[in-house]
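These are my notebook entries on one structure.

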Amino acid sequence: MADWNAWHRNYDDPASGLARRLATVRAELARLLAATEGRPTRLLSLCAGDGRDTLPVLAAGHDNVRAVLVEIDAGLGAAARAQASQLNLPDVEVRTADAGVMDTYADLPPADVLLACGVFGNISDTDLETTVGAFPRLLTPGAAVLWTRGASTGDDDPTSHPGDAAELVRKVFTRHGFVEERFIRPDDAGFRVGVHRLADVPRSDPTGRHLFRFTR
Ligand SMILES: C[S@@+](CC[C@H](N)C(=O)[O-])C[C@H]1O[C@@H](n2cnc3c(N)ncnc32)[C@H](O)[C@@H]1O
């Protein structure tokens with residue numbers, strides 16, 4: 001299985017695509033949260049890693065936001081918790097749990113902003129469909145999903161979509177009642193960042209408990 005601690009060290013090179021992706025995600029999240037100012041807002045981050053895309057944005061002054069970060073790796077979760085404490089963010093809960101099962105969210109109110117960054121490149125096309133199809137069950141009407149996907153499909157990429165895998169992600173969101181708000185595709189980097197807004201009622205199986213399992 002992938003060493004996700006080592007993966008996070010790729011952020012250290014400021015010239016890397018991952019570092020650029022991080023800046024883009026933070027900017028998009030800041031934009032989304034700025035629009036919620038003054039309104040109680042729930043944020044949910046799936047497969048949150050050490051929370052670096054979310055915690056500094058919250059620390060910039062969004063005390064209307066309550067956040068839950070779900071990360072399965074205990075070490076990365078502990079790092080996120082320590083960072084939340086250091087940044088004085090009492091309304092952040094870091095949950096060491098499987099983000100790929102609905103049970104993990106059973107006690108949570110619907111979210112207004114959901115992050116799925118670094119997720120879709122690690123799951124099968126079937127799980128992508130199931131996961132996006134289940135998102136409306138986790139969201140308020142009009143909620144935003146901020147997601148990422150790498151375009152390149154190496155040998156270990158779980159998609160069977162030919163070409164840019166982010167195009168498949170866009171189609172799947174559209175199929176499940178979301179409207180695209182942003183799609184960022186740099187010419188000189190392989191990452192893509194999207195924001196989709198829930199515009200419609202769920203059309204998929206409303207009862208399934210499984211969302212996804214990482215293939216690596
Ligand atoms: C590619 S990293 C992305 C981390 C973070 N979202 C980011 O973009 O910086 C994927 C993360 O998902 C976590 N992960 C893998 N399977 C998971 C699961 N079923 N539930 C929760 N986290 C999971 C890994 O431990 C890893 O931290």
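Entry 1: Which helix gives the most to the shell around the ligand? I found that helix α1 (residues 4-9) does, with three residues. Helices (H or I, at least four residues) and strands (E, at least two) are DSSP runs, numbered from the N terminus.

I note that this is a predicted model, in which local features need pLDDT of at least 70, side-chain atom pairs count only at pLDDT 80 or more, and totals for chains, interfaces and linings use all residues. Residues are numbered from 1 along each chain as its sequence is written, and side-chain values use heavy atoms, with hydrogens and water left out.

I then looked up the whole shell: 20 residues surround the ligand, and Y11, R21, C47, E71 and D98 are the closest. A residue counts as near a molecule if one of its heavy atoms lies within 4 Å of it. Sorted by class, the shell holds 12 nonpolar, three polar and five charged residues. Here Ala, Val, Leu, Ile, Met, Phe, Trp, Tyr, Cys and Pro count as nonpolar, Asp, Glu, Lys and Arg as charged, and the others, Gly among them, as polar.

**Entry 2: polar atoms at the ligand.** The side chain of Y11 places an N or O atom 2.5 Å from an oxygen atom of the ligand. Nitrogen atoms of the ligand lie 3.2 Å from a backbone N or O atom of I72 and 2.8 Å from a polar backbone atom of A99. Of the 590 Å² of accessible area that the ligand has on its own, the protein covers 96%. Such areas come from the Shrake-Rupley method with a 1.4 Å probe.

**Entry 3: T148.** I located T148 in strand β5 (residues 139-150). Is T148 buried or exposed? T148 is buried, because its relative accessible area is 2%, and buried means under 20% (1.4 Å probe, protein chains only). The side chain of T148 makes a polar contact of 3.2 Å with the side chain of R21. The T148 side chain also reaches the backbone nitrogen of G118 at 2.8 Å.

**Entry 4: L115.** I located L115 in strand β4 (residues 111-116). L115 is buried, with a relative accessible area of 0%. Leaving out residues up to four places away in sequence, L115 touches several residues, including V25, L43 and L146; contact means heavy atoms within 4.5 Å. L115 and L43 are 72 residues apart along the chain, and I recorded 7.8 Å between their C-alpha atoms.

Terms used. Polar contact = N/O pair within 3.5 Å; in protein donor to acceptor, adjacent residues only side chain to side chain. Buried < 20%, exposed > 50% of the residue type's maximum accessible area, 1.4 Å probe, protein only.
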